[in-house]
Amino acid sequence: MNNIKIMSLGLLVLMLASACGNQLDLYPRSAVSSESDLTEDDVESFLIGVYQSVQNDPGRESYILPDLVGGDLNSAGSTNGGGTNAFISNILRPEHGYVNSSWKGYYEALYQVNTLIANVKEMTPSDRINQVNGTAHYFRAYIYYNLLIKFGGVPIIRENTQEKLPRNSAEEVWQFIEEDLSVAIEQAPDFNGELGGDFNYVSSQAAKALMARAKLGQGKMDEAATLSEELINSPYLSLDSFDKMFRRQDNSELIFAFVNLTIESSINLSTLFYTYAHPQSGSYVFKPNPWAMEMFSGSDLRAEVSVDTYDGLDVVNKYPSGQTGTDQLNVSRLAEMYLISAEAQGLAGLDRLNELREARGLGPVSPSNEEDYLELVLEERRRELFAEGFRWVDLVRTGKAVEELGIQQRETLMPIPETELLLNEKLEQNPGY
């Protein structure tokens with residue numbers, strides 16, 4: 001597939017679909033209007049629209065929201081690196097725009113995904129139709145994973161509807177995610193087969209990577225370890241130079257990333273992090289907290305790509321586009337699989353942790369007990385996945401968020417946006433808000 005060749009048609013389909021999706025403004029985002037019919041000729045173009053909708057609708061801040069409330073980033077207006085608790089609590093309000101746009105955007109994207117799934121279901125099965133179906137199920141699982149880690153149990157919508165729905169339990173949402181990912185693993189294109197190693201498209205392996213993450217999130221350690229090890233042992237995936245993943249270079253480590261071309265997206269995270277005086281220019285909305293700047297040692301090959309100091313100001317350096325471009329958004333890469341395997345196996349996974357550390361220029365560690373080992377794994381995740389949307393999620397799932405961040409217990413979940421509660425009386429707010 002070639003993004004440039006099909007982008008204009010994909011954008012047209014997205015605009016047509018969005019025109020239908022505007023009906024969402026009449027309903028809570030947990031109730032979406034019925035889909036229009038697609039023909040087999042529409043499927044490829046509509047699929048491009050789905051890629052665009054899933055990556056764009058939740059807004060650029062959704063990608064770093066767990067970092068903003070995870071303690072490693074702060075307002076660029078903060079003069080002493082303090083005020084982190086107040087900064088986090090200010091974001092975690094039912095009326096905050098980041099919380100609202102994240103919820104709203106994921107459900108708007110869900111409308112497009114469900115439209116595709118419903119139409120493909122009625123088409124004559126073929127290898128390609130099955131691949132499209134697998135890709136669509138991956139995206140639905142991806143949407144629900146992101147909703148679940150932020151808000152807990154949310155309304156499950158298998159088919160588009162205008163009915164106002166109550167929240168499902170977190171356990172039910174996890175099960176739904178696993179069901180969709182099972183379809184995606186079976187039917188999505190093969191990474192090294194049909195896709196030829198192109199990590200900008202959803203693959204069966206991308207679904208397996210997201211499944212490994214979901215298993216870890218549920219504490220299903222044996223299954224998480226098995227899935228991550230299958231990807232680690234893939235002959236066509238291997239750890240690569242860290243800078244390649246964040247500078248749009250060919251590499252052997254990325255499993256799935258949104259290519260995020262300027263023609264199809266306005267997501268430029270770099271403008272949130274770079275200063276106006278920086279060569280790439282930016283608005284300097286957020287900056288790393290001092291401890292985030294200090295967690296990379298001199299030998300760490302991730303340091304220069306992750307953070308930088310420009311003109312005396314600390315900046316996140318993973319997203320290099322500036323105001324004139326857009327940034328690739330990495331969804332799954334092999335390093336995360338090493339970390340999942342390491343954590344899921346406990347001390348028995350120490351070799352995987354040290355293999356990743358060696359690849360990043362660090363020496364081995366040798367903890368003596370499981371508690372110390374988990375701390376080392378979490379710190380390695382913090383360095384490896386800095387500013388990629390993991391820190392708050394990691395602290396919450398391991399029960400360390402309240403102590404580490406000094407937040408209130410209620411802030412281990414994000415609040416349901418107040419607009420959704422007003423539109424749908426069947427929704428219940430998370431405890432404490």
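Student: Leaving aside its neighbours within four places in sequence, which residues is Leu231 in contact with?

Tutor: Good place to start! Keep in mind that this is a predicted model. Leu231 is in contact with Gln205, Lys208, Ala209, Leu237, Ile255, Leu334 and Met337, once its neighbours within four places in sequence are set aside.

Student: And where does Leu231 lie?

Tutor: Leu231 lies in helix H9, which covers residues 221–232.

Student: Does Leu231 count as buried or exposed?

Tutor: Leu231 counts as buried, because its relative accessibility is 1% and the cut-off for buried is under 20%.

Student: How far apart are the C-alpha atoms of Leu231 and Arg333?

Tutor: Those two C-alpha atoms are separated by 9.8 Å, although Leu231 and Arg333 are 102 residues apart along the chain.

Student: OK, on to helix H8. How many of its residues are buried?

Tutor: H8 is mostly covered, with 13 of its 14 residues buried.

Student: What should H8 span at 1.5 Å a residue?

Tutor: The 14 residues of H8, 204–217, should span 20 Å, and the end C-alpha atoms are 20 Å apart, so the two values agree.

Student: Which residue with a positive phi follows H8?

Tutor: That's Gly219, with phi near 80°.

Student: Where do I look for Asp311, and where for Ala387?

Tutor: Look for Asp311 in the loop between strand S4 (307–310) and strand S5 (313–316). Ala387 lies in the loop between H16 and helix H17 (391–397).

Student: Buried or exposed, for Asp311 and for Ala387?

Tutor: Asp311 is exposed, with a relative accessible area of 65%, whereas Ala387 counts as buried at 2% relative accessibility.

Student: You mentioned H16. Which of the residues in H16 are buried?

Tutor: The buried residues in H16 are Tyr373, Val377, Leu378, Glu380, Arg381, Arg382, Arg383 and Glu384.

Student: What happens at the start of H16?

Tutor: There, a side-chain oxygen of Asn369 reaches to within 3.1 Å of the backbone nitrogen of Glu371.

Student: In what sense do S2 and S6 pair?

Tutor: S2 and strand S6 (residues 329–333) pair in the antiparallel sense, over 4 bridges. As one example, Phe256 has Ser332 in S6 as its bridge partner.

Student: Let's zoom out. How many helices and strands are there in the protein?

Tutor: The protein has 19 helices and 6 strands. Of its 433 residues, buried ones make up 60%.

Student: What about the largest nonpolar core, how many residues has it?

Tutor: The largest nonpolar core has 122 residues, and those with the most contacts inside it are Leu116, Tyr138, Phe139, Tyr144 and Ile177. Helix H6 (residues 127–151) gives this core its largest share, 14 residues.

Student: So which residues is Leu116 in contact with?

Tutor: Leaving aside its neighbours within four places in sequence, Leu116 is in contact with Leu38, Val43, Phe46, Leu47, Val50, Val132 and Ala136.

Key. Residues are numbered from 1 along each chain as its sequence is written. This is a predicted model: local features need pLDDT of at least 70, side-chain atom pairs count only at pLDDT 80 or more; totals for chains, interfaces and linings use all residues. Side-chain values use heavy atoms; hydrogens and water are left out. Buried means under 20% relative accessible area, exposed over 50%, partly exposed in between (1.4 Å probe, protein chains only). Helices (H or I, at least four residues) and strands (E, at least two) are DSSP runs, numbered from the N terminus. A polar contact is a pair of N or O atoms within 3.5 Å; within protein, one must be able to donate a hydrogen and the other to accept it, and residues adjacent in sequence count only if both atoms are side-chain atoms. A nonpolar core is a set of buried Ala, Val, Leu, Ile, Met, Phe, Trp, Tyr and Cys residues joined through side-chain atoms within 4.5 Å. Contact means heavy atoms within 4.5 Å. Two strands pair if DSSP finds at least two bridges between them. The expected span of a helix is 1.5 Å times one less than its number of residues.
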